Amino acid sequence: MHWRDLVLAAAAVAPGVNAAQLRFSCAQLVVDRIDPLVNPGQAPSPHLHQVVGGNAFNVTMDHSAHDMASTATCTSCMPLEDFSNYWTAVLFFRARNGTFKRVSTYGNGLGYTQSNGGQTVYYLSSGKVQAFKPGFRMTVGNPAFRTQAQAKQNPSLQFTCLATSSTRSGYRFDFPTGQCQAGIMVTVRFPTCWDGQNLDSPDHQSHVAYPSGSKCPSTHPVTIPQVFYETYWNTQPFNDKSLWPADGSQPFVWSFGDPTGYGNHGDYVFGWKGDALQRAMDANCQSDLFSDKVNCPTLKLQTIADTNKCTMSPKIKENLSGWLTELPGAMKVA
Ligand SMILES: *[C@@H]1O[C@H](CO)[C@@H](O)[C@H](O)[C@H]1NC(C)=O
Ligand SMILES: *[C@@H]1O[C@H](CO)[C@@H](O)[C@H](O)[C@H]1NC(C)=O
Ligand SMILES: *[C@@H]1O[C@H](CO)[C@@H](O)[C@H](O)[C@H]1NC(C)=O
């Protein structure tokens, strides 16, 4: 089975077949200009991120030593044993006069409207999978990409123009060109095959791979859960033609200066406690794709109201409100 079909196929899997479809909400933990994966030790990092998960998120997260589950005191995700961190860049609106306003995230229209922004996280499998080892991390996508040909190398990164908060049809690899009545959904899917050896790699990507057909390649023989997440961007306040460029071009830009969307990328640092993720995958948990029902008795869950309470103050103090004369980090739009 091709990974692109995994969501639909997983939904149709017969009872008794080894397949998990774990879905849950993670509220916004922090918006901060640090990146422990790509720019460890650098504060501030070059561009701004929005982050969900455990509150052990930090400037440096050394994978040989950092034990997120014992350092964290809360998680913004519903499973109480998930102290992983999941993050993306931040969306900005660029006004006619060249100033920028940060776009906020909001709760997923399918079940998680009570969430204070953040992301909806999925772990999927069709067949037996091996959960990640402590210290595992990876990125997907490339912030330097600016063309469709580049972005198509990885069609697992997508934008959906939300006509309503539950739209799931139509996707593209760049920013939607028109105004989206209920905002923009950004989908980030990670590879499902691992080399079985390396918790990370210099480019944070080459230790994982996508399957060819339904099988993992011999170089990356271990099938891992498919991690993917959806982020709802609240672009509605900018659905005013008088604010948009006079030539009708789309006005959104990623925090790393990308006005196309093709540089979409995502980051993941595994931080589940003990064997909790393996248990959930082995139990073939089947969350409801259209409601807030996580349906996974082996996991201890918290309410969405409680996920909203787990927040951090940003390590980098900078003014992110109002119309900014430049992107944080003086990122140039190009
Ligand atoms: C982040 O790292 C610093 C420096 O090592 C440490 O003092 C601080 O307690 C850490 N914060 C969290 C939330 O782990
Ligand atoms: C820039 O444009 C925004 C949106 O139209 C407006 O609110 C803001 O006042 C403008 N700033 C300046 C300095 O003109
Ligand atoms: C943040 O920047 C905006 C836009 O320049 C300004 O209107 C606002 O007063 C600033 N807020 C603080 C706390 O400095």
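Strands are DSSP runs of E of at least two residues, numbered from the N terminus, and two strands are said to pair if DSSP finds at least two bridges between them. The structure described here is a predicted model, in which local features need pLDDT of at least 70 and side-chain atom pairs count only at pLDDT 80 or more, whereas totals for chains, interfaces and linings use all residues. Residues are numbered from 1 along each chain as its sequence is written, chains are lettered from A and ligands numbered from 1 in the order in which they are written, and side-chain values use heavy atoms, with hydrogens and water left out.

Strand 15 (residues 226-233) pairs with several strands. With strand 11 (residues 184-189) the pairing is antiparallel over six bridges, and Ile-184 stands opposite Trp-233 of strand 15. Strand 8 and strand 15 are likewise joined in the antiparallel sense over six bridges; here Leu-124 has Gln-226 of strand 15 as its bridge partner, while Gln-119 stands opposite Thr-231. Strand 7 meets strand 15 in the antiparallel sense over two bridges, with Tyr-106 opposite Tyr-232. Eight of the eight residues of strand 15 are buried, where buried means under 20% relative accessible area (1.4 Å probe, protein chains only). In a regular strand the side chains alternate between the two faces of the sheet. In strand 15, Gln-226, Phe-228, Glu-230 and Tyr-232 point one way and Val-227, Tyr-229, Thr-231 and Trp-233 the other way.

Strand 8 (residues 119-126) has seven of its eight residues buried, so it is largely enclosed by the rest of the structure.

Thr-105 belongs to strand 7 (residues 105-106) and is buried, with a relative accessible area of 9%. The side chain of Thr-105 makes a polar contact of 3.4 Å with the side chain of Gln-28, a polar contact being a pair of N or O atoms within 3.5 Å, of which, within protein, one must be able to donate a hydrogen and the other to accept it, residues adjacent in sequence counting only if both atoms are side-chain atoms. A polar atom of the Thr-105 side chain also lies 2.9 Å from the backbone nitrogen of Gly-118. When residues up to four places away in sequence are not counted, Thr-105 is in contact (heavy atoms within 4.5 Å) with Gln-28, Gln-50, Gly-117, Gly-118, Thr-231, Tyr-232 and Trp-233.

An open sheet is formed by three strands in the order 6-5-16, with antiparallel pairing. Strand 5 (residues 91-94) and strand 16 are linked over three bridges, and Phe-92 has Val-253 as its bridge partner in strand 16.

Two ligands were also examined. Around ligand 3 are Asn-319, Ser-321 and Trp-323, each with a heavy atom within 4 Å of the ligand. A polar side-chain atom of Asn-319 lies 2.3 Å from an oxygen atom of ligand 3, and a polar backbone atom of Ser-321 is 3.4 Å from an oxygen atom of this ligand. The residues around ligand 1 are Asn-55, Asn-58 and Thr-71, and a polar side-chain atom of Asn-58 lies 2.4 Å from an oxygen atom of ligand 1.

Definitions and conventions:
Helix = DSSP H or I, 4+ residues; strand = E, 2+ residues; numbered from the N terminus. Buried < 20%, exposed > 50% of the residue type's maximum accessible area, 1.4 Å probe, protein only.
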